[in-house]
Amino acid sequence: MTLNAYLILSTILFCIGLIGVMRRKNVLMLFFSTEIMLNAVNVGFAAISKFHGDLTGQMFAFFIIAVAASEVAVGLGLLILWYKRTGSMNLDDIARMKG
Amino acid sequence: MFEIIAFIIFSVLTISMFSITVLTNNALYALSSLAAGMIFISAFFFLLNADFLGAVQIVVYTGAVMALYAFGMMFFDSLSEVKEKIKNPRLVFLLSGIIALIVVIVLIAPVIGQNLESDYPIHPEYGNTADVGIILFTKYLVAFELAAIMLLVAMIGGIVLAGKKMNESYSEMKEEEIDEKIRLENASQKEIK
């Protein structure tokens with residue numbers, strides 16, 4: 001397989017995640033779409049790492065996975081707190097500072 | 001030949017699983033198809049000779065992140081419908097598209113401008129795991145330790161945020177106490193709203 005095939009796949013997956021982020025108003029679905037986007041980028045990094053003969057791409061993929069894990073922990077904690085308080089998971093309800 | 005067949009099969013599977021995640025209205029379907037997609041993504045890492053990354057992908061995503069989501073979803077009424085109404089889609093799509101294009105150009109310009117050489121080349125004779133370990137514990141040691149601290153902070157933050165009022169257990173209270181508590185909570189919620 002060529003590098004282009006992997007990069008095209010990575011782009012398609014990233015676009016699926018982007019569609020999810022823009023279309024969905026359920027905050028839980030928003031988190032899922034973010035995970036998809038992070039994974040798409042990881043595939044691209046690993047592919048470039050192999051075809052370029054350099055390990056830096058894999059290193060960045062590791063750190064992206066670490067960031068994703070901590071993002072989930074904090075984000076889910078905040079979402080649980082918000083849901084206990086208001087009973088809603090809609091993104092529009094969180095927009096309280098809208099003037 | 002084998003690589004091409006595997007690539008096609010796994011890309012079709014991954015794209016369909018992630019499409020289900022994005023398009024479905026049922027949070028449980030979304031969660032399980034996302035977990036399946038994560039497993040299929042790890043197949044690409046194995047195809048790309050990044051064995052350790054593939055193992056980490058399975059362990060961290062399907063082991064830790066998905067379990068966290070599954071436990072977190074017990075707090076939500078996950079089958080409830082959320083009204084999804086987009087007010088001005090064209091503006092959003094246009095703005096995000098332009099911003100994405102600008103970011104890509106900014107990031108790609110130095111790569112095209114000067115031919116990059118590999119700073120940390122792959123040694124096939126070491127094997128992927130040993131190779132990754134050598135680089136991770138020499139060149140990226142500071143970043144590695146910072147990531148460890150970040151994960152610790154995130155863990156404590158998650159426990160503090162989600163674990164409020166966990167010290168009260170309904171099973172140890174009497175019937176009247178629970179009624180009184182629920183009445184008080186409803187009253188305080190009305191005040192917030």
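Start by selecting H3 of chain A along with helix H3 (51–72), helix H5 (128–136) and helix H6 (141–162) of chain B: each one supplies at least two residues of the lining of the second largest pocket. Helices here are DSSP runs of H or I with at least four residues, strands are runs of E with at least two, and both are numbered from the N terminus. A pocket is worked out on a 1 Å grid over the protein atoms alone, as an open set of points where a 1.4 Å probe fits, with protein on both sides within 12 Å along at least five of seven lines; lining residues have an atom within 4 Å of a point.

Before you click on, note that this is a predicted model, where local features need pLDDT of at least 70, side-chain atom pairs count only at pLDDT 80 or more, and totals for chains, interfaces and linings use all residues. Residues are numbered from 1 along each chain as its sequence is written, chains are lettered from A and ligands numbered from 1 in the order in which they are written, and side-chain values use heavy atoms, leaving out hydrogens and water.

Stay with this pocket for a moment. Its volume is about 680 Å³, counted as the space filled by probe spheres set on the points, which are joined across faces, edges and corners. Now pick A:Ala66, A:Ala69, A:Ser70, B:Ala64 and B:Leu151, the closest to the pocket's centre of its 35 lining residues. H3(A) gives the largest share of that lining, 10 residues. Colour the lining by class and you get 28 nonpolar, seven polar and no charged residues. Nonpolar covers Ala, Val, Leu, Ile, Met, Phe, Trp, Tyr, Cys and Pro, charged covers Asp, Glu, Lys and Arg, and the others, Gly among them, are polar.

Next, hop to the largest pocket, with about 1,500 Å³ of space. Select A:Leu7, A:Phe45, A:Ile48, B:Leu107 and B:Ile108, which lie nearest its centre among 29 lining residues. Which helix supplies the largest share of this lining? That's H2(A), with eight residues. This lining has 19 nonpolar, seven polar and three charged residues.

Now show chain A and select residues 6–22, one of the spans that an unreviewed UniProt entry lists as "transmembrane region"; such annotations may be inferred rather than shown by experiment. Residues 6–22 are 100% helix, with end C-alpha atoms 24 Å apart. Residues 60–83 are also 100% helix, and there the end C-alpha atoms are 34 Å apart.

Finish on chain B, which has seven helices and zero strands.
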